[in-house]
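Thank you for sending this model for comment. Below is a note in numbered points, to be read alongside the sequence and the coordinates.

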Amino acid sequence: MLPDPGVCPSLAKVGAPRCASGSSCRRIPVSARLAGVGLLIAFLSSLGCLVRAPGVGMNMAEGDTLISVDYEIFGKVQGVFFRKYTQAEGKKLGLVGWVQNTDEGTVQGQLQGPISKVRHMQEWLETRGSPKSHIDRANFRNEKVIVKLDYSDFQIVK
């Protein structure tokens, strides 16, 4: 809750005196505050931080922020139905994106969806995979907040 604009923020409590004219306590216009917040969001986004615009869905859980992340999985991940299980797990979680084998013997792809579901899928890719797979490591890169999903389904790319 914002303090009464006529009350000094440092003294904002019940019965606190109002700012005297000529004092150092000045009212900052809402537009200036929002512009400052916008600059902060732009700066943090450029650093790859996950942020949400202030005042937008204040009751929205962090897990509802949409993100996109690229991944590559190393180990015994080809010839063990890794892509099929990845697609099934992604669809089960309500994610969209794609998965494909690489010529280097890895599996790569992209995940998009709510941050909480993407985090769950990242953990699955790092630790579980398909029953006959053996995961040595998982690399995740290019993580970013997105406004809308780029895909409508989770596809296996041949």
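The points that follow take up confidence, overall layout, strand pairing, the nonpolar core, salt bridges and backbone angles.

1. Basis of the note. This is a predicted model, in which local features need pLDDT of at least 70 and side-chain atom pairs count only at pLDDT 80 or more, while totals for chains, interfaces and linings use all residues. Residues are numbered from 1 along each chain as its sequence is written, and side-chain values use heavy atoms, with hydrogens and water left out.

2. Confidence. The average pLDDT of the chain (the predictor's confidence in each residue, from 0 to 100) is 78, and 60% of the residues score at least 70. In residues 1-8 the pLDDT falls below 50, and this stretch has 15 contacts in the model beyond near neighbours in sequence, a contact being heavy atoms within 4.5 Å. Residues 50-60 also have a pLDDT below 50, with 18 contacts beyond near neighbours in sequence. Where pLDDT is low, the predicted coordinates should not be read in detail.

3. Overall layout. The chain contains three helices and five strands, where helices (H or I, at least four residues) and strands (E, at least two) are DSSP runs numbered from the N terminus. Their order along the sequence is α-β-α-β-β-α-β-β. Of the 158 residues, 30% count as buried; here buried means under 20% relative accessible area, exposed over 50%, and partly exposed in between, with a 1.4 Å probe and protein chains only. Among contacts in the chain with a separation of 6 or more, 70% are between residues 24 or more positions apart.

4. Strand pairing. Strand S1 (residues 66-76) is largely enclosed by the rest of the structure, because nine of its eleven residues are buried. S1 runs antiparallel to strand S3 (residues 107-114), to which eight bridges join it; strands are taken to pair if DSSP finds at least two bridges between them. Val 69 has Leu 111 as its bridge partner in S3. S1 also pairs with S4 in the antiparallel sense, over nine bridges, and Tyr 71 stands opposite Phe 140 in S4.

5. Nonpolar core. Which residues touch the most other members of the largest nonpolar core? In this core of 20 residues they are Tyr 71, Ile 73, Phe 82, Leu 95, Leu 111, Met 121 and Leu 125, a nonpolar core being a set of buried Ala, Val, Leu, Ile, Met, Phe, Trp, Tyr and Cys residues joined through side-chain atoms within 4.5 Å. S1, S3, H3 and S4 are the elements that give two or more residues to this core, and H3 gives the most, with five. Leaving aside neighbours within four places in sequence, Leu 125 is in contact with Tyr 71, Ile 73, Phe 82, Thr 86, Leu 111, Ile 135 and Phe 140.

6. The whole structure has three salt bridges, each defined as a side-chain nitrogen of Lys or Arg within 4 Å of a carboxyl oxygen of Asp or Glu. One joins the side chains of Glu 89 and Lys 92, at 3.4 Å from N to O. Both residues lie in helix H2 (residues 82-92), three residues apart, about one turn of the helix. Glu 89 is buried, at a relative accessible area of 9%, whereas Lys 92 is exposed, at 62% relative accessibility.

7. Salt bridges between elements. Asp 153 and Lys 91 form a salt bridge in which the closest N and O atoms are 3.6 Å apart. This pair links distant parts of the chain, 62 residues apart, with Asp 153 in the loop between strand S4 (134-145) and strand S5 (154-157) and Lys 91 in helix H2. A salt bridge of 2.8 Å, N to O, also joins the side chains of Glu 143 and Arg 119. Because Glu 143 lies in strand S4 and Arg 119 in helix H3 (residues 115-127), this pair ties together parts that are 24 residues apart in sequence. Glu 143 is partly exposed, at 28% relative accessibility, and Arg 119 is partly exposed at 33%.

8. Backbone angles to check. Phe 81, a residue other than glycine, has a positive phi, near 60 degrees. Phe 81 sits in the loop between S1 and H2 and is exposed, at 57% relative accessibility. Asn 142 likewise has a positive phi, near 55 degrees, and its place is in strand S4.
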